[in-house]
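I'd like to walk you through the two chains and stop at a few residues along the way, so let me put the picture up.

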Amino acid sequence: MNDERTGLHLSASLAIALKAIRTNAVRSLLTMLGIIIGIGAAIVAVSIAQGAGKQLTDQIEQFGTHTLQVRPGNSWWGGRSRGADSERPLTDDDVEALRALDGIEAASGRVQASVTSVADGNNWPTTLLGVGADFALIENFEIAEGRNITEAEAERGAKIAVLGQTVVEELFNGANPIGQRIRVNRTSATVVGVLEEKGAGSWGQDQDDVIWMPLDTVRSRVARSAEAVADNAGRIHLKVWDGLEVLDVEREVEHLMRVRRDIQPGAEDDFRIANFAEFIRARNETESLLGFLLAAFSATSLVVGGIGIMNIMLVSVTERTREIGLRRAVGARSRDVLTQFLVEATVLGLLGGLVGLLLGIGGTMLAARLGEFPVLLSPITLVGAVGVAVLIAVFFGYYPARRASRLDPIDALRFE
Amino acid sequence: MSTAPPLIRAEGLCKDYVMGRNVVHALIDVDVEIDNGEFVAVMGPSGSGKSTFMNMVGALDRPTRGRLTIAGRDLAELDDDEQARLRNETLGFVFQQFMLLARTSALDNVKLPLMYTAMDRDEKQQRAEAALNRVGLADRMDHNPSQLSGGQQQRVAIARALVNRPRMILADEPTGALDTATAEEIMGLFGALNAEGVTVVLVTHEEEIAEHARRIIRFRDGRIQTDQRRQAA
């Protein structure tokens, strides 16, 4: 019966609150500062953390969590002299042995060279990769047109090539190059396939600016050098079977390589195994840590802001004690007084949250530009941030509001 | 006198205040009835119990013992919300210090009690305007208290007390802050309202103010000392 009054009362309370805040504009702004800074920092923190998280997911998707790379160690690595054999290259036999491991689905050697490619009177400097048939599967490349390099071609050193989209664009102006001949340095080859576009990698490099040729073709014809070994496989890329722990398989790989390379127990590996998932995680930890520090900072700010609201609401209640008494005398219930002051605290929180929102969006954009962090500003973050501001205001505003509502009407009226 | 029930009926009304280790008996066994349409002045020195009595009658305070009935409702049976509703709908308060909200127009001050009443916006506006009209301030509706004289401020306060068409106006030293001429004007206004049927109970310590009432109740040491009815002034 009495509750029919609440609807009217809310809008009236809002009007009172806005008036009270306007009357003490500077004081209100100072009160909101903690919330403003807290919400702003929270938005920046969450945006950086989410950006880092998204980058991690993207990179894992791009590289796959289930890939390993084996490469020879550097001769100075470990600070010890190991003699001439310490940097023994990996060989085709190593590739075969690794592929035979239970945990390994696919294996391919990979050598790399910077080359100049020529076709149709156009020339284009690009990266040449000598790879096996498995390389596309391991590195998650799709063939857009034509076909991939076969294992037989890889072994026999066929004069064929698979082109990335950028190379197709530069050499053939985007026309279908299948069956056309290109020249790579002094070796000519027939184009048998085109890779699907992959876009920029996580370091911004163009992953489509590449030519693949069979591993043996590259090492024996295109990129010959004095120290080249006929069966040098360069680096070996491996794909671990789905469902297996990459770290377990990594240990198997290490063990096998130590045996194959006759490394004595206790001696250090003269090769390295890169685990991309681990690598990416480590890289992202820096950004996560930054996000965490900002989150801690914003939480501190929000608590300080909440206490600021509590403080100013207590001042407001004291200043307006006689007004509270008057309102009680003309018919306000204690719950009407509670509502009035809670609404006032909520409005403070809401205004602070909205200003903090603008600050947070600005700060996030600044962080993205200056710090070159990957950031992700999601609508949920923004709505959530304002929601948090309101919740904090209600939480810290409740005590003063309750105190106001419990004032004895007579004592309040007589308060000097 | 009609047989209609009295607007206020106090039976054995007591109020004790605990001050540290002492108990102060502010009201002792007060029995009194005030009927509809009366114009009562409550007098007495400070500490006599008159203010305590007024707070009790205004449903702002609860008796320690005894029974108090306001407009047929036993105060002891009303919870806080129901008491608030009683103050809102049945009673109107006028204070010595006017108690107007600063930086708030006369009209909005008058509307204050209506904030706690279910009523549509237009009716609130009409009632507030009518109340200000009734106290002769139709041309001052948009003025803030700081732009009004003391007498005008008290008129705004009276309009605020009238706006919800109460049965009784309770005025606590309403002329205490006003000069003699203005006080006479305000008392004239109370007299006119009483003539229209509103019960008026006011606390004062000035005899000439009390002269305007038709009944004077004098308190002393927590008890009613005298209760005289007079012919209309």
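Chain B has 7 helices and 10 strands. Keep in mind as we go that this is a predicted model. Of its 233 residues, 45% are buried. And if you take the contacts in chain B with a separation of 6 or more, 69% of them come from residues 24 or more positions apart.

Let's look at the strands. Chain B has an open sheet of 4 strands, in the order β2-β1-β4-β5, and the pairing is antiparallel. Which strands sit at the edges? Those are β2 (22–34) and β5 (73–74) of chain B, each pairing on one side only. At the β5 end, β4(B) and β5(B) are joined by 2 bridges, again antiparallel. If you want to find that spot on the screen, Ile70(B) has Arg73(B) in β5(B) as its bridge partner. As a reminder, strands of a sheet pair through backbone hydrogen bonds, either parallel or antiparallel.

Strand β9 (residues 215–220) and strand β10 (residues 223–229) of chain B pair in the antiparallel sense over 6 bridges. Ile217(B) stands opposite Asp227(B) in β10(B). Between those strands there are 2 residues, and Asp221(B) in this hairpin takes a positive phi near 55°.

Most residues other than glycine have a negative phi. Another one to look at is Ala59(B), with a phi near 60°, which is positive although the residue isn't glycine. You'll find Ala59(B) in the loop between α1 (50–57) and β4 (65–70) of chain B. Is Ala59(B) buried or exposed? Buried, because 25 other C-beta atoms lie within 10 Å, and the cut-off for buried is 20 or more.

Over in chain A, Asn140(A) also has a positive phi, near 70°, and isn't glycine either. Its place is the loop between α4 (135–138) and β5 (143–146) of chain A. Asn140(A) has 13 C-beta neighbours inside 10 Å, so it counts as partly exposed.

Back to chain B for a moment, and to Asn194(B), which is in helix α6 (residues 180–195). With 20 C-beta neighbours inside 10 Å, Asn194(B) counts as buried. Leaving aside residues up to four places away in sequence, Asn194(B) touches Phe39(B) and Val200(B). How far apart are Asn194(B) and Phe39(B)? In sequence, 155 residues; in space, 6.6 Å from C-alpha to C-alpha.

Now chain A in general. Chain A has 13 helices and 11 strands, and 42% of its 416 residues count as buried. For contacts in chain A between residues at least 6 apart in sequence, 82% join residues at least 24 apart. The domain assignment gives chain A two pieces: domain 1 (2–59 + 284–414) and domain 2 (89–260). Their C-alpha centres lie 57 Å apart.

So how do the chains meet? There are 19 residues of chain B in contact with 19 residues of chain A. On the chain B side, the largest share is 6 residues from helix α2 (residues 80–89) of chain B. That side divides into 10 nonpolar, 3 polar and 6 charged residues.

Last stop, the nonpolar cores. Which residues touch the most other members of the largest core? Val42(B) and Ala159(B), out of 123 residues. The element that gives the most to this core is helix α2 (residues 25–63) of chain A, with 15 residues. Apart from it lies another core of 50 residues, including Ala119(A), Met213(A), Leu215(A) and Met257(A). As for Ala159(B), its contacts beyond four places away in sequence are Val110(B), Ala131(B), Leu132(B), Arg134(B), Val135(B) and Leu137(B).

That's my tour, happy to take questions.

Note on methods: Residues numbered from 1 in each chain as written. Chains lettered and ligands numbered in written order. Predicted model: local features only at pLDDT ≥ 70, side-chain atom pairs only at ≥ 80, totals over all residues. Buried ≥ 20, exposed ≤ 12 C-beta atoms within 10 Å, placed from the backbone. Contact = placed C-beta atoms within 7 Å. Domains from an automatic or database assignment. Core = buried A, V, L, I, M, F, W, Y, C linked by C-beta atoms within 7 Å. Nonpolar A, V, L, I, M, F, W, Y, C, P; charged D, E, K, R; others polar. Pairing = 2+ DSSP bridges.
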